[in-house]
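Dear colleague,

I am handing over the structure that we discussed, and the notes on what was found in it follow directly below. Please keep the model open while you read.

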Amino acid sequence: MKKTDSCRYFATWDTTSTVRSRPNRYLFTDTEFSETTPERWFPKALIPLANQAGMEILPEAALLRIHIGHLVHFLDYTTELEISYVNRAICCITQGALSQHFSSQERFCALKLYADEGYHALFSRELSDQVTNRFSLPRMRSARLHHLDRSRATQRHKHQELAAFIIAFVSETIITENFHGYHTATYYHRYSTCFKIT
Ligand SMILES: [Fe+2]
């Protein structure tokens, strides 16, 4: 069977993918939980609320809670996105309406990606649960997910898989792009390094 070009990205997957090569769980330590610098929990630039006028009058504890809460919000968003959109899009490649556009080898390689994305969902949820429980934070489903759901639902049936594929592709690209340049956000950055795959 001829090996297609896109499969070259998975040539070392068995030894370099996160799910295969980094079995250690990320468990927060008490020292990490005691971090009081908001920016080290999540970058202010990526928190719309934190950039509103007047936020500077908030007590430090409130500002810290906003940053920690946004980390949870981001992690929960990632978990659901991976499950509901990214891996559904991969199903379109492996056995769905889009599978006819991919070779047998590409459909096989897509299963490796499926495992990667499932692992993203797992460790995002594991981190989120730890932070939520530690700080007794409320959880709220992302408005963006509601918007994506509505956008997909408005597509005609025959286009729904293509819509899911496009949403997944764009979202993954945005997430990866957002990770660049925010290395001062300790937990956000350490989380982002988990995304280094294949
Ligand atoms: Fe992912």
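In α5, the buried residues are Cys109, Ala110, Lys112, Leu113, Asp116, Glu117, His120, Phe123, Ser124, Leu127 and Ser128, where a residue is called buried if 20 or more other C-beta atoms lie within 10 Å of its own, exposed if 12 or fewer, and partly exposed in between, with the C-beta atoms placed from the backbone. An α-helix has 3.6 residues a turn, so residues three or four places apart point the same way.

Before going further, please note that this is a predicted model, in which local features need pLDDT of at least 70 and side-chain atom pairs count only at pLDDT 80 or more, while totals for chains, interfaces and linings use all residues. Residues are numbered from 1 along each chain as its sequence is written.

As for the overall make-up, the protein chain has 8 helices and 0 strands, helices (H or I, at least four residues) and strands (E, at least two) being DSSP runs numbered from the N terminus. Of the 198 residues of the protein chain, 24% count as buried. Among contacts in the protein chain between residues at least 6 apart in sequence, 77% join residues at least 24 apart, a contact being a pair of residues whose C-beta atoms, placed from the backbone, lie within 7 Å.

Returning to α5, its 32 residues should span 46 Å at 1.5 Å a residue, and the end C-alpha atoms are 47 Å apart, which agrees; the expected span is 1.5 Å times one less than the number of residues. Just after α5, Ser136 takes a positive phi of about 50 degrees, although Ser136 is a residue other than glycine. Ser136 lies in the loop between α5 (104–135) and α6 (143–153), and Ser136 is exposed, with 6 other C-beta atoms within 10 Å.

The packing of α5 against α4 comes next. The two helices pack at an angle of about 160 degrees, with their axes 8 Å apart; axes are lines fitted to C-alpha atoms, for helices over the stretch in contact, and angles run from 0 to 180 degrees between N-to-C directions. α4 and α5 are therefore roughly antiparallel to each other, since angles under 35 degrees count as roughly parallel, over 145 as roughly antiparallel, 65 to 115 as roughly perpendicular and the rest as oblique.

In the largest nonpolar core, which has 16 residues, Tyr85, Val86, Ala89, Ile90, Ala164 and Ala168 touch the most other members; such a core is a set of buried Ala, Val, Leu, Ile, Met, Phe, Trp, Tyr and Cys residues joined through C-beta atoms within 7 Å. Two or more residues of this core come from each of α4 (60–94), α5 and α7 (160–179), and α4 gives the most, with 7 residues. Leaving aside neighbours within four places in sequence, Ile90 is in contact with Ala110, Leu113, Tyr114 and Glu117. Apart from this core lies another, of 10 residues, among them Trp41, Phe42, Leu71 and Val72.

Two further residues may be worth a look. Pro43 is found in the loop between α3 (30–33) and α4, and counts as buried, with 21 C-beta neighbours inside 10 Å. Pro43 and His70 are 27 residues apart in sequence and 9.3 Å apart in space, C-alpha to C-alpha. Thr15, by contrast, sits in helix α1 (residues 13–16) and counts as exposed, with 9 C-beta neighbours inside 10 Å.

With best regards

Conventions. Contact = placed C-beta atoms within 7 Å.
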